[in-house]
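Keep the sequence and the coordinates side by side.

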Amino acid sequence: MDSPANDPEMQKLIAMEVADIMKDTTAPTNWPDPNRPGVPMFPERDGAHAIQVPDLEETEIVYYWHQNGGGWTEYNHQDAEDFLTDEDMKGWIYKGPIVTPTQINEMLAAER
């Protein structure tokens with residue numbers, strides 16, 4: 001049987017749970033540490049994060065955090081020379097990390 005972590009609906013539910021937990025503990029722009037705007041949850045890990053960009057037609061977009069250099073890119077394969085500027089990130093509202101099936105399995109195992 002496939003792990004629940006491989007189910008896209010399960011991934012979406014967990015992402016929504018993380019966002020719901022964070023909504024009461026974060027600044028209005030939702031950055032996990034209001035003293036470090038622009039730095040996501042789990043900054044020590046590379047990964048995809050859901051960001052709300054109010055000025056765009058499709059407001060929730062995936063951007064990629066690169067812990068080595070501490071910057072954001074539009075695509076996972078990009079590197080430091082492609083990091084977005086503070087101006088690019090103006091108005092962003094952090095929604096939460098997009099967890100992988102492995103991370104979901106780790107969370108499920110920790111609950112048992």
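Start at the surface, where Glu74, Asp86, Glu87 and Asp88 form a patch of negative charge. Patch members have over 30% relative accessible area and no salt bridge, with like charges joined within 9 Å. A salt bridge puts a side-chain nitrogen of Lys or Arg within 4 Å of a carboxyl oxygen of Asp or Glu. This is a predicted model: local features need pLDDT of at least 70, side-chain atom pairs count only at pLDDT 80 or more, and totals for chains, interfaces and linings use all residues. Residues are numbered from 1 along each chain as its sequence is written, and side-chain values use heavy atoms, without hydrogens and water.

Glutamate 74 sits in the loop between strand E3 (71-73) and strand E4 (93-97). Its relative accessibility is 39%, so glutamate 74 counts as partly exposed. Buried means under 20% relative accessible area, exposed over 50%, and partly exposed in between (1.4 Å probe, protein chains only).

Now the backbone. Most residues other than glycine have a negative phi. Phenylalanine 42 is not a glycine, yet its phi is positive, about 60 degrees. The residue lies in the loop between helix H1 (8-23) and strand E1 (47-52).

The aromatic pairs number 5. Tryptophan 65 and tryptophan 72 are edge-to-face, because their ring centres are 5.3 Å apart and their planes stand at 65 degrees. Ring centres pair within 6.5 Å; planes under 30 degrees apart are stacked, over 60 edge-to-face, and the rest tilted. Tryptophan 65 is buried at 5% relative accessibility, and tryptophan 72 is buried at 2%. Ring pairs join Trp31, Tyr63, Trp65, Trp72, Trp92 and Tyr94 into a cluster.

Conventions: Patches are made of residues with over 30% relative accessible area and no salt bridge: like charges are joined within 9 Å, nonpolar side chains (Val, Leu, Ile, Met, Phe, Trp, Tyr) within 5 Å. Accessible areas come from the Shrake-Rupley method with a 1.4 Å probe; for residues, only the protein chains shown count as cover. Lys and Arg count as positive and Asp and Glu as negative; His and the chain ends are not counted. The place of a charge is taken as NZ of Lys, CZ of Arg, CG of Asp or CD of Glu. Helices (H or I, at least four residues) and strands (E, at least two) are DSSP runs, numbered from the N terminus. Rings of Phe, Tyr and Trp (its six-membered ring) pair if their centres lie within 6.5 Å; planes under 30 degrees apart count as stacked, over 60 as edge-to-face and the rest as tilted.
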